[in-house]
Amino acid sequence: MRLPRTAAWPPAVEPLVLTLILLASAVARLWFLAAGVPHAVGIDEPQVVDRALRILRTGSWNTHLFDYPTLVIYLHASVQIVRFLWGALHGEWASLDAFSIEKIYLACRAVTAVIGVATVWLTWRLARDLASRGVALLAAAELAVRSLHVRESHYALTDVPLTALTTLALWLAVRAARLRTTAGYAWAGAACGLAAAAKYNGGVAMVAVAAAWFVADRTAADRWRKAAAGLAAAAAAFLVAAPYTLLDLPSFLDGFAAQFSRFAGAPPGGALWLTYVKHLSPAWSRWWVPLAIAGAAMVLARPSTRRAWAPVVAFAAVFFYVLASHAPAFGRYALPLLPPLCILTASAAAAIASALAGIRGLGRPVARHVITVAGIVLLVALPAVETVAWLDALKRPDTRTMAADWLKGSVPHASRIAVENSGPTYLDAAGFRVIASERLLDHPIAWYRDHADLLVISASDLDRYESYVNAGPTVFQVEPTPQRWGPPIRVVEIRKE
């Protein structure tokens, strides 16, 4: 795709186009923001939102759980404090007990959506320092409509803030390599520390700082001072954002070890790299990751661009390796790769278009415009169509919402209901006595006969659930369809013996 030369652009074009891209990204991330609240929220969302809410109710900022670091939890606790005070001023509630879970989720998700929009701006800013105005705008437009990022920007999880912070770290690392100052490395290191405090694997962003140092300052007289500044700033930023790492060291060590033991070892089958490539490149765009790899090869092959791009390429390569060498695999884990890949694909597309324009007959204005439109359709319009289809599906009920609605209308509100982690959420807000577990299999059926009245089974493989399914009559059942998301839900009324 041949983008117009930046020198020919009127001064107002770039800010105008960027504003339109940011507006589009905001609309996509705020559309149906309350979908699924409160009974079909995202998997793991309660792990963040409930821990933040516990801070408000206990007054202690020690979460006592360290499978996640605390920066994002602290962020949402602050959001909840502001939302509670705002609601109290307007008469929405008079105590924390009356604080609406629906309002909590809407506020926390809105902040996540704003962070997602900010990441689009950061992508433009990083690409602007690395390439032309056209490449920067194209990269920002790609991320603005990329369905993986739009989808995760709807949930109050750690991955979107992590992506914003790793993108900030990349920008600051590129800046440090350009400025070659101690302060530049300190700022880049601090961003890496914050990324690690959002999610532990955010610490991989230090690879970008190390690459910047290696290509720009490894032979400088003050090289060790710059390296020490980056490392010290990273450690300090992490501890400021996750202070109980030291203040409650035994709990941190236990939580950290428990979390990483789940990811230790080679993944089953050894093909997680292909799983992540499929998440990053949907079926209609299998060429997208290879195009990014071609872009990486191109910028590294040129001596004029190698030093500036090294932090971005190094981070993308190492982060992908870390993902692909550890199980389990979830699409949202790859989210920090999207900004650098968008920049690399935009750069590769611009180079390909420039090469095509050099072919006789393709350098004419009409041909250049056709190439430009084709590139925008492939990189922006097609992903936008997929994203709009996903957003449109949010208005349809989830199987968990349907099950919750049935329970609220058909079961006494004091009933004891055993629910799996993948089942309907926040049934306690409807007056039920909830017995929550990762899986119902955590307890034998005899235990549930003494502690529960109903089982809500949300597993797709029922082979291991035979005794639970046969514990009594199935009083409600719903299956997912292409038009209805969610797990299969089966509600079993326990037969007392």
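Modeller: What follows is a chat about the sheet, some backbone angles and the nonpolar cores. This is a predicted model, where local features need pLDDT of at least 70 and side-chain atom pairs count only at pLDDT 80 or more, while totals for chains, interfaces and linings use all residues. Residues are numbered from 1 along each chain as its sequence is written, and side-chain values use heavy atoms, leaving out hydrogens and water.

Colleague: What makes strands E1 and E3 a pair?

Modeller: Two strands pair if DSSP finds at least two bridges between them. E1 (residues 416–420) and E3 (residues 454–457) have three bridges, in the parallel sense, so they pass. Ile417, for instance, stands opposite Leu454 in E3. As for the names, strands (E, at least two residues) and helices (H or I, at least four) are DSSP runs numbered from the N terminus.

Colleague: Why are E2 and E4 at the edges?

Modeller: The open sheet has five strands in the order E2-E1-E3-E5-E4, with mixed pairing. E2 (433–437) and E4 (474–478) each have a single partner strand, so one side of each lacks a neighbour in the sheet. The twist averages 15° from one strand to the next.

Colleague: How do you know that helix H18 packs on the sheet?

Modeller: H18 (residues 399–410) touches E1, E3, E4 and E5 (489–493), where contact means heavy atoms within 4.5 Å. The direction of H18 makes about 150° with that of E4; such angles run from 0 to 180 degrees between N-to-C directions, with axes fitted to C-alpha atoms, for helices over the stretch in contact.

Colleague: What makes the bond between Val37 and Pro38 worth a look?

Modeller: That peptide bond is cis, with omega about 5°. Most peptide bonds are trans, and most residues other than glycine have a negative phi. Arg180 is not a glycine, yet has a positive phi of about 60°; it lies in the loop between H7 (159–179) and H8 (182–198).

Colleague: Why is Arg180 called partly exposed?

Modeller: Buried means under 20% relative accessible area and exposed over 50%, with partly exposed in between (1.4 Å probe, protein chains only). Arg180 is at 36%, so it counts as partly exposed.

Colleague: What makes a nonpolar core?

Modeller: It is a set of buried Ala, Val, Leu, Ile, Met, Phe, Trp, Tyr and Cys residues joined through side-chain atoms within 4.5 Å. The largest here has 76 residues, and Leu337 is one of those with the most contacts inside it. Apart from that core lies another, of 27 residues, including Val48 and Leu162.
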